[in-house]
Amino acid sequence: MSPTAWMAWPVILPLLGAVLALLVGRKGVRVVAGVASVATFTASAVLTWEVATRGVLRQAIGGWGPPLGIEWRADGLAVLMLLTIGVVGPLISVHALDHLGDREDREFLPLWLFVWCALNALVLSADAFNLYVTLELVTLASVALIAVRRDRPGLDAGLRYLLFALPGSLLYLLGVALLYGLYSALDLGLLGQRITPGPVAWVAAGVMTLGLCLKTPLFPLHVWLPPTYTGAPTPVTALLSALISKGSYYVLLRLWLEVFTPILDWQVGQFLGVLGAAAVLWGSLLALSQSQLKRVVAYSSVAQIGYMFLLFPMATLGARTGAVYLVVSHAAAKASMFVAVGNIHQAVGITELGGVQGLAYRMPFTFLAMALGGISLIGMPPSGGFIAKWILLEESIWTGQWWWGLVLLLGGLLASAYVFRILRGSFLPLPPGVTVRSIPLGNELAPLALALIALVLGLVPWFPLELLAVGTAR
Amino acid sequence: MNPWAVYALSGVAMFSVGLVGLFSHEHPVKRILASNIAGSGVLLVLVALARREPTGAPDPVPHALVLTGIVVSVSATALGVALARRIARIDATAKAESTGASDPEAGGGSA
Amino acid sequence: MNTWLPLAVLLSSLLPGLVIFLLAEEQRVLRTTLNLTAAGTKLLFTAAMAWGVFRGRHYETRLPFLPKADLVLRADTFSLLFIILSAVLWFVTTIYAVGYLEGTPHRSRFFGFFSLCVASTMGIAMAGNLVTFFLFYEMLTLSTYPLVIHRGTPEALRAGNVYLRYTLSGATLLLAGVALLYTLAGSVEFTEGGALDGVVGHSVELTVAFALLIGGLAVKAALVPLHGWLPVAMVAPAPVSALLHAVAVVKAGAFGITRVIYDVFGVYRVHDLGVLHPLAVVAAVTILYGSLRALQQGDLKRRLAYSTVSQVAYIVVGVSIFGTVSTIGGLVHLVHQGLMKITLFFCAGNLAEELHVHRVAELRGVGRRMPLTMAAFTIGALGMIGIPPVAGFITKWYLGIGALEAREPWLVGVLLLSTLLNAGYFLPILYTAWFQAPVEPWAPRRSRRWEVGPALLLPTVATAVLSLAAGVFAGADLSPLGWTKLITEREFRP
Amino acid sequence: MTAALLDACLALCLPLLAWLVLRTESLSQSVVLFVAMGLLSALAWARLDAPDISLVEAAVGTGLTGALLMHTLSWTDERPPDVAARARHRPWAVVAMAALTGMLGWAVLSLPSDDPGLTREVDAHLAESGVEHPVTAVLLNYRGYDTLLEIAVLLVAVLGARAVNPRSERTTPEPSRDPLTGELFRMMTPALLLVAGYLVWVGEHGPGGAFQAGAILAGGGVVALLTTRLGTPRMSSWRVRWALLTGPLLFIGAAVAPLFSGRALLEYREAQAGTVIFVVELALTVSIAMVLWMFFPGMRPARAERSGKEPS
């Protein structure tokens with residue numbers, strides 16, 4: 001099979017897996033999903049290898065090519081995301097199997113495979129409208145996942161998410177319509193060549209950014225996030241925070257760095273940066289003031305997404321590298337933390353922060369995972385979070401915009417405050433009257449594996465960094 | 001003014017009404033309605049854009065996009081109302097239980 | 001060039017640490033064996049490396065990391081000074097800790113973090129550039145935090161909070177400084193004589209970077225006013241206090257300051273920037289302030305803690321005065337203070353463990369009950385005051401001469417005043433212990449032969465002997481002083 | 001002139017109706033107004049020379065959506081006690097609306113007003129696409145990948161909708177008391193099937209296609225649901241699953257087959273393209289009909305029972 005043909009499989013295999021999982025009915029779901037996961041991961045890995053050795057790959061779907069057809073484009077950034085999704089997602093889903101009931105995982109697995117397919121499709125797509133379809137597929141599958149337990153908090157969370165994500169998609173679609181109206185193209189590459197400053201480009205950029213920020217979400221559009229993340233089943237929250245929210249951010253990044261580059265003015269960048277900085281501070285402060293464990297971690301996501309927007313004021317290749325590195329390491333670290341939170345809830349049934357008391361000795365792997373994940377959120381070495389922060393910090397000084405560096409440093413301090421607030425309690429003796437249910441070993445190891453990924457990202461950053469550089473030379 | 005522009009402006013206005021309505025209502029059905037209105041607005045803009053050259057056949061690409069858009073929008077609506085329905089049933093059950101009546105869901109199911 | 005020995009030195013405590021975490025609480029023998037084997041192996045590696053460096057060989061492990069900064073572990077004369085100190089003291093402290101924590105819960109966790117802590121210290125010592133240094137500096141914070149809160153009491157948790165607040169703020173400053181310097185210079189590999197040859201001008205930025213770096217490091221070095229965490233952290237078990245205060249944390253700070261001055265900026269550059277003098281003043285203030293506060297403490301460990309604040313500042317004073325002699329004095333104190341202070345903390349631990357004595361006033365007549373412990377304490381205390389032939393005297397001598405040589409006579413005054421204060425807070429302890437009669441008879445010994453368990457006593461005596469030896473044999477080539485002279489020669493080579 | 005007046009009227013009415021939909025306090029009135037708005041908007045689309053997709057909008061975007069919403073109202077309380085159906089008083093809302101309209105309008109008016117878009121490119125390659133109707137060519141060939149994902153969207157939606165309301169599968173609807181509607185349905189069925197088949201076939205040359213045909217069939221299904229003993233298809237039945245999933249499976253198969261002979265995804269051979277597309281469309285028609293049908297969760301509980309439960 002030709003190297004470009006490999007691009008199809010990370011999209012097709014999970015789709016096929018999902019359809020077959022639905023088809024086989026109740027009994028074979030796990031088997032089908034397992035085979036599909038292994039196959040999809042393998043396809044992603046092979047594609048990564050092809051891109052790392054051959055450079056950027058393209059496939060004109062249907063053989064047409066832009067402007068008529070849709071094109072897939074795999075550069076280093078795309079395959080790094082593929083790999084992230086392919087590693088983090090299945091680990092979360094393994095945990096989900098035990099966390100959710102038997103009934104739920106018959107629905108969870110096909111839905112997760114749809115999400116996986118959609119995210120892979122999103123990452124590879126170079127077509128503005130196709131991106132809209134993938135975004136919607138992600139959204140609808142996420143909504144179904146959030147509500148998969150059919151309990152009132154989950155249903156509320158699902159509906160809330162849907163009703164915030166839909167306008168986001170529509171804003172994006174309107175932008176696509178405007179761009180098509182002026183440039184008669186939907187391909188991101190063509191749009192990037194044809195874009196000129198003017199009302200259409202400005203308004204399109206504005207509404208698309210607004211829509212995607214609503215979905216991601218960026219401060220102050222984050223109001224839906226904490227209740228949604230809290231109401232969803234924990235493994236689904238992990239998926240939302242680690243991978244799904246990154247989908248819309250990824251589109252935003254592609255748009256601004258590859259299409260709207262000519263209109264990315266200083267003011268625009270600073271504006272997005274200010275919102276990002278506000279997200280960092282506001283999210284961290286609110287994380288600090290929460291009494292529920294899951295809400296602490298949820299608000300931390302608001303803050304971490306804020307860091308990612310510091311890319312826009314700098315808008316350099318280095319800043320892109322830093323932001324993407326943060327996306328990847330946050331995916332691993334935050335997934336590990338949410339999964340660990342799920343374990344804690346399962347073990348003691350306490351959702352308050354004090355519920356962690358004494359658990360460090362009873363669930364050592366879970367807490368090790370929590371600690372390693374937390375370190376990455378803070379941006380302390382050795383962790384992927386540190387590498388990301390370091391690159392962004394250097395870039396902020398390099399571009400003379402040192403104030404973003406201050407935000408990074410301050411955010412790190414605040415993060416350490418809420419992370420250690422969680423960890424500290426675990427060293428206390430177990431309070432009397434609390435019984436700790438035992439957790440299956442697999443469930444303890446899943447968060448640890450995720451946290452170790454965040455750690456390894458901080459120890460051998462050169463591999464992802466070299467991968468990210470593929471396709472950046474112009 | 002060309003007809004397409006009139007309709008495009010109309011679509012834009014529908015979109016704005018829907019979008020703002022979405023954020024100023026709390027009832028789920030109203031919000032789903034609002035998102036459908038906003039969606040129709042965007043689609044109308046696309047349909048209008050396809051008809052800018054007054055002669056010949058309209059641009060088929062936006063038409064195809066619109067078809068896809070309709071499907072996505074009806075899917076989202078179906079999912080949204082399914083959630084709303086379930087929430088309503090849970091609430092009804094809770095209400096019935098709190099007033100001492102039997103489970104209406106069970107009654108509905110066995111009818 | 002040898003490429004695996006630095007890594008081996010690092011891994012010889014990192015890997016055992018990770019394995020120890022996995023051991024069950026009851027596997028006492030296995031854990032102790034592992035600990036001691038690891039500490040012994042490290043000593044061997046270190047000795048081999050020291051011998052090699054002495055004979056002019058180079059040791060460097062280089063792993064790819066960031067585009068502009070590899071992970072570099074390297075052994076030069078200065079890092080070896082710190083490595084040897086840590087390796088030796090780790091060995092004795094391990095023995096001590098095994099005895100001290102006998103029968104207490106969570107020992108696997110304790111020894112796991114303990115080993116990680118030493119591994120971080122090794123990393124700090126061998127770091128070949130600022131990024132690697134920062135990496136291990138942060139690992140040190142992370143691995144000492146669980147040790148500080150080890151007891152799990154509310155008081156310990158509060159101390160942990162204070163500790164984190166200080167060290168993480170310091171790390172933030174340090175990170176800002178490192179990033180600024182990397183942006184200015186591209187890459188900052190530690191180089192004898194300074195690594196910033198490529199940077200011309202930018203004196204404002206360089207000054208800011210220097211201030212940030214020193215500010216960050218000063219937290220761990222406990223320079224006034226950033227010393228607040230140190231006395232609070234005294235709630236930790238005695239071996240932790242010993243290791244934290246004698247070796248790992250405060251020394252990491254002092255070591256870092258020295259690296260920044262000599263191997264990053266280069267002493268000439270720092271001198272030109274005019275930032276050395278302010279640093280010396282801060283250190284001098286710290287010396288006096290620490291001593292004054294020590295004088296007021298009734299709690300033995302807190303008194304020792306404030307004494308540490310003061311003594312570590314000697315190192316900083318030494319390296320921040322422009323001149324070879326004072327630099328020798330400062331650097332050699334890195335070792336001397338380590339040996340003497342760990343002796344003192346061991347003694348305090350022995351007293352607390354055997355007799356539950358924590359306050360100075362309770363020490364009346366303890367000399368007759370625990371003669372060896374108090375003898376060791378006496379050696380340490382006299383050394384701190386600076387009485388020959390204990391090692392502390394060498395330090396003060398070189399610092400004094402150095403100050404005169406650098407035409408900073410005010411410093412001699414500071415040294416004299418500090419010596420007086422040192423005497424003021426150490427001599428009463430000695431007097432109380434040796435010459436006053438106990439209020440009530442001491443509890444009888446648990447064993448006929450030992451005044452306190454051998455695992456506690458032997459390390460105490462060993463370090464006391466070492467403190468004495470470092471002073472008596474100061475003239476030898478491989479004594480701390482001899483080694484320090486070797487370092488200084490290379491740093492001041494113009 | 002009359003045409004321009006009609007256009008202006010329509011264009012003005014649409015946002016006003018939209019506004020009314022959201023202002024009306026009664027939810028059922030809102031839905032009725034929404035349907036009215038949808039029909040007008042279908043008219044507008046027809047005025048813009050898009051008669052085929054205007055039919056879809058009328059049938060699915062308005063009819064089916066309206067029916068779904070109406071159906072939901074019968075499940076939910078007209079006005080739940082904690083949530084007001086009326087908009088909260090938001091003075092900024094009007095300002096925001098005006099600002100948004102103004103900004104977007106500015107952008108729309110700066111678009112070139114006689115741009116053919118991609119019409120030429122589509123026509124140039126129409127011969128290679130295997131179909132004669134340009135919209136079908138875009139939908140199933142040039143941008144067939146969008147359609148593939150769109151099918152996934154439909155599957156996800158039906159899976160999600162069924163997942164949250166599994167119980168309703170067991171709800172047997174009340175048989176219609178009116179024998180006439182049942183008879184009507186029986187008579188209608190063959191006609192519906194015929195029309196659907198025709199639409200798929202005609203889609204290759206003119207307005208029509210899988211989606212339109214699927215919508216027609218689904219319409220029949222919904223009527224059946226409301227008038228006969230036929231319940232909503234259940235996911236637990238293997239027949240239903242095959243009916244639902246054969247289309248997607250065939251589509252995926254057709255999409256990946258070219259990969260094995262060194263071509264790109266969905267890169268049909270020119271000679272076979274027409275046949276492949278026809279077969280895929282036929283299978284998709286069944287799937288789409290099933291999905292749309294299954295969006296309806298069965299009948300609401302009988303009115304009498306509901307009112308019996310109401311505390312009063």
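Helix axes here are lines fitted to C-alpha atoms over the stretch in contact, and angles run from 0 to 180 degrees between N-to-C directions. Helices (H or I, at least four residues) and strands (E, at least two) are DSSP runs, numbered from the N terminus. With those two conventions, start inside chain D. The axes of α8(D) and α12(D), the latter spanning residues 270–294, come within 9 Å and cross at roughly 30°. Angles under 35 degrees count as roughly parallel, over 145 as roughly antiparallel, 65 to 115 as roughly perpendicular and the rest as oblique. Therefore α8(D) and α12(D) are roughly parallel to each other.

This is a predicted model, in which local features need pLDDT of at least 70, side-chain atom pairs count only at pLDDT 80 or more, and totals for chains, interfaces and linings use all residues. Residues are numbered from 1 along each chain as its sequence is written, while chains are lettered from A and ligands numbered from 1 in the order in which they are written. The predictor gives the complex an ipTM of 0.90 and a pTM of 0.92. The pLDDT is the predictor's confidence in each residue, from 0 to 100. Chain C averages 88 on that scale, and 99% of its residues score at least 70.

Back to the helix pair in chain D. The crossing of α8(D) and α12(D) is left-handed. A crossing is left-handed if the near helix is turned anticlockwise from the far one by less than a right angle, and right-handed if clockwise. Two residues are in contact if their C-beta atoms, placed from the backbone, lie within 7 Å. On α8(D), the contact uses D:I151, D:L154, D:L155, D:V158 and D:R162. They meet D:L284, D:S287, D:I288, D:V291 and D:M294 of α12(D). By class, this contact has eight nonpolar, one polar and one charged residues. Ala, Val, Leu, Ile, Met, Phe, Trp, Tyr, Cys and Pro count as nonpolar, Asp, Glu, Lys and Arg as charged, and the others, Gly among them, as polar.

Where chain D touches chain A, the contact takes 42 residues from chain D and 50 residues from chain A. On the chain D side, α4 (91–109), α5 (119–124), α7 (134–142), α8 (144–164) and α11 (238–256) each supply at least two residues. The largest share, 13 residues, comes from α8(D). This side of chain D divides into 27 nonpolar, seven polar and eight charged residues.

Now look at the other chain pairs. Among the four pairs of chains that touch, chains B and D have the most contacts. Their contact takes 77 residues from chain B and 84 residues from chain D. On the chain B side, α1 (3–24), α2 (28–50), α3 (60–98) and α4 (104–110) give two or more residues. Helix α3(B) gives the most, with 27 residues. The side of chain B that touches chain D has 46 nonpolar, 20 polar and 11 charged residues. Other pairs stay apart. Chains B and C do not touch, and their nearest C-alpha atoms are 41 Å apart. No contact joins chains C and D either, with closest C-alpha atoms 37 Å apart.

Chains A and C supply a helix pair of their own. Helix α18 (residues 402–426) of chain A and helix α6 (residues 154–185) of chain C pack at about 155°, with axes 10 Å apart. That angle makes α18(A) roughly antiparallel to α6(C). Their crossing is right-handed. From α18(A), the residues in contact include A:G405, A:L409, A:G412 and A:F420. Among those they meet in α6(C) are C:L157, C:G160, C:L164 and C:A179. The contact divides into nine nonpolar, six polar and one charged residues.

Finally, check the backbone. Most residues other than glycine have a negative phi, and most peptide bonds are trans. The bond from A:P66 to A:P67 is cis, with omega near 5°. A:P67 is in the loop between β1 (57–60) and β2 (71–74) of chain A. The bond from C:V224 to C:P225 is also cis, with omega near 10°. C:P225 lies in the loop between α7 (203–221) and α8 (229–232) of chain C.

Phi of A:S184 is positive, near 50°. A:S184 lies in the loop between α6 (152–183) and α7 (188–194) of chain A. A residue is buried if 20 or more other C-beta atoms, placed from the backbone, lie within 10 Å of its own, exposed if 12 or fewer, and partly exposed in between. A:S184 has 22 C-beta neighbours inside 10 Å, so it counts as buried. D:L266 has a positive phi of about 65° and lies in the loop between α11 and α12 of chain D. With 30 C-beta neighbours inside 10 Å, D:L266 counts as buried.
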